[in-house]
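Have the model open and follow along.

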Amino acid sequence: MDRPPAPARAGGALPRAGAELTDVYRTWNLANHDDLIRTVEGMPDLLDDLHAGGARTGVVSSKKGETVRLGLRAVGLADRIDVLAGQEETTLHKPHPAPLLYAAAQLGAAAYDCVYVGDATVDVEAARAAGMAAVAVTWGAGLEAALAATGPDALVTDVAGLRAALFAAPPR
């Protein structure tokens with residue numbers, strides 16, 4: 001997460017407090033980022049295999065692009081991602097489809113040819129709104145039951161399941 005929850009950002013009766021909390025959080029997050037991020041075992045190989053098969057890959061995040069780049073470098077994936085769309089790329093954010101459609105355009109792909117993989121309910125909702133297939137993974141922010149309730153094309157619990165879902169995905 002690159003930003004505090006919405007109530008803190010909004011500030012309520014103390015708008016300056018919300019901005020201050022956001023600044024303090026971002027400073028702390030950047031200072032501790034590399035110590036907290038973890039590699040998902042098997043992901044580098046999966047990305048390599050996708051590229052070998054002709055796929056292009058992107059990351060769409062609600063985080064600032066700078067923070068996402070730090071994470072990708074920390075886990076050795078920066079060179080395996082073709083496009084990055086951080087929160088500053090679009091004025092509308094997930095579950096709105098705008099960030100996903102932006103990334104697809106940068107990849108030169110039609111939305112219906114894309115599969116969006118996400119770990120939160122807003123990811124599945126954004127994929128659906130964009131006209132993309134949706135694969136939900138359970139090793140991130142979302143709870144499995146909540147993810148399942150959004151009706152993804154696949155719900156996977158590990159990289160082996162993600163690999164199976166992506167390589168079995170029929171053209172849309």
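**Exercise 1: the surroundings of Asp 123**

Leaving out residues up to four places away in sequence, Asp 123 touches Lys 94, Tyr 116 and Gly 118, where contact means heavy atoms within 4.5 Å. This is a predicted model, in which local features need pLDDT of at least 70 and side-chain atom pairs pLDDT 80 or more, while totals for chains, interfaces and linings use all residues. Residues are numbered from 1 along each chain as its sequence is written, and side-chain values use heavy atoms, without hydrogens and water.

Task: Is Asp 123 buried or exposed?

Solution. 
- Step 1: Asp 123 has 5% relative accessibility, so it counts as buried (under 20% is buried, over 50% exposed, in between partly exposed; 1.4 Å probe, protein chains only).

**Exercise 2: the sheet**

Task: What is the strand order of the open sheet of 3 strands?

Solution. 
- Step 1: The order is β3-β4-β5, with parallel pairing; two strands pair if DSSP finds at least two bridges between them.
- Step 2: β3 (115-118) and β5 are the edge strands, each pairing on one side only.
- Step 3: β4 (residues 133-137) pairs with β5 over 3 bridges, and Ala 136 stands opposite Leu 155 in β5.

**Exercise 3: the loop**

Task: Where is Gly 151 found?

Solution. 
- Step 1: Gly 151 is in the loop between α7 (144-149) and β5 (154-156).
- Step 2: Its C-alpha is 9.0 Å from that of Glu 125, 26 residues apart in sequence.

Key: Helices (H or I, at least four residues) and strands (E, at least two) are DSSP runs, numbered from the N terminus.
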